[in-house]
Amino acid sequence: MFFARTTMMGAPKKTMSFTFSGTTKPAGLTDIALTTGAGGTTVASGILREGNSSTSNGTYFTLTQWGFQMETPIYISTVTNGGLSSTDRGIGAAMSDATGSKVIYCLFHGNSQPAAIETHISGVRASRATLSGNFIAAGNTISLVPSVSGGIYTYTVHKNGSPIALSWTDSGGLIGTPGPYPGAVFKHIYSGGQFGSPGVSGYNVADR
C-alpha cells in the first residue's frame, strides 16, 4: 500500500494506491449496501469481492468506501479488475459522500451488459450514460475522471488509462460537487443462486 501527500502550486494533493494480497482486508474500508440485502466485502486470493446477498432474486450493489477524504473534488478514482467472473456482473470506480446517500460510479461487466455511468441518490439507482460492446478482462483498469466548467461537473470514463466514449454532464446538479470519499462498487446477482462480481485486485486514487 502506498499513500502520499504532495504540494503543487500551494494546493495539497493526495495519491494512494495498493494491491490486495492474501486474505487480508486493509483497515479503514467501509462497506455500504446500496441495495437492501447486498453483501459486504472480503479479500480472498488477493481480490476484494462482495459477499453473498442476504435475499434472493435480484441485483445487488455494494459500495466499499476508502477511509479518507480527498483534498479536492477533482480526483481520479481507479479500480483494477480482479477477473473472477466474465459475465453480466460488474465492478466500478466510485465517488461518494460520507454515508453513501449520493454516489456516482462507472460500471463495467465481463460480457453482455453495456458499460455505464450510474448514480445512487437517496437509495435510487439511475443509469446516466451507457456504452454497448465495451467489456473488461482481468487486469484491465477503469477510472472515473471528473472535470468542471462553470460549476457543472462532467464525468468521463477511462479504460486502461485512455478515455472512451462514455461520459455524463451533471447539468442538473444531481450529484453537484463529487463526494470526497473514493471507493469501488460491486454488482452481484442472485438468480437461482449467488453470482459474484469480477472483484477488484487493485485500487488507485489521485487528486488532479
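Tyr 203 has a relative accessibility of 3% in this predicted model, and because buried means under 20% relative accessible area, Tyr 203 counts as buried. Trp 66 is likewise buried, with a relative accessible area of 1%. Trp 66 and Tyr 203 form an aromatic pair, with 4.6 Å from centre to centre and 45° between the planes, and this pair is tilted. Since Trp 66 lies in the loop between E6 and E7 while Tyr 203 belongs to strand E17 (residues 200-207), the pair ties together parts that are 137 residues apart in sequence.

Counted by the rule that ring centres lie within 6.5 Å, the aromatic pairs come to 7. One of the pairs joins Phe 20 to Trp 66: the ring centres are 6.4 Å apart and the planes stand at 35°, so this pair is tilted. Phe 20 sits in the loop between strand E2 (11-19) and strand E3 (30-33), and Trp 66 in the loop between strand E6 (58-65) and strand E7 (75-81), so that the pair links distant parts of the chain, 46 residues apart. Phe 20 is itself buried, with a relative accessible area of 6%.

Which residues do the ring pairs link into a cluster? The cluster consists of Phe 18, Phe 20, Trp 66 and Tyr 203.

Notes: Residues numbered from 1 in each chain as written. Predicted model: local features only at pLDDT ≥ 70, side-chain atom pairs only at ≥ 80, totals over all residues. Heavy atoms only, no water. Phe/Tyr/Trp six-rings, centres within 6.5 Å; stacked < 30°, edge-to-face > 60°. Helix = DSSP H or I, 4+ residues; strand = E, 2+ residues; numbered from the N terminus. Buried < 20%, exposed > 50% of the residue type's maximum accessible area, 1.4 Å probe, protein only.
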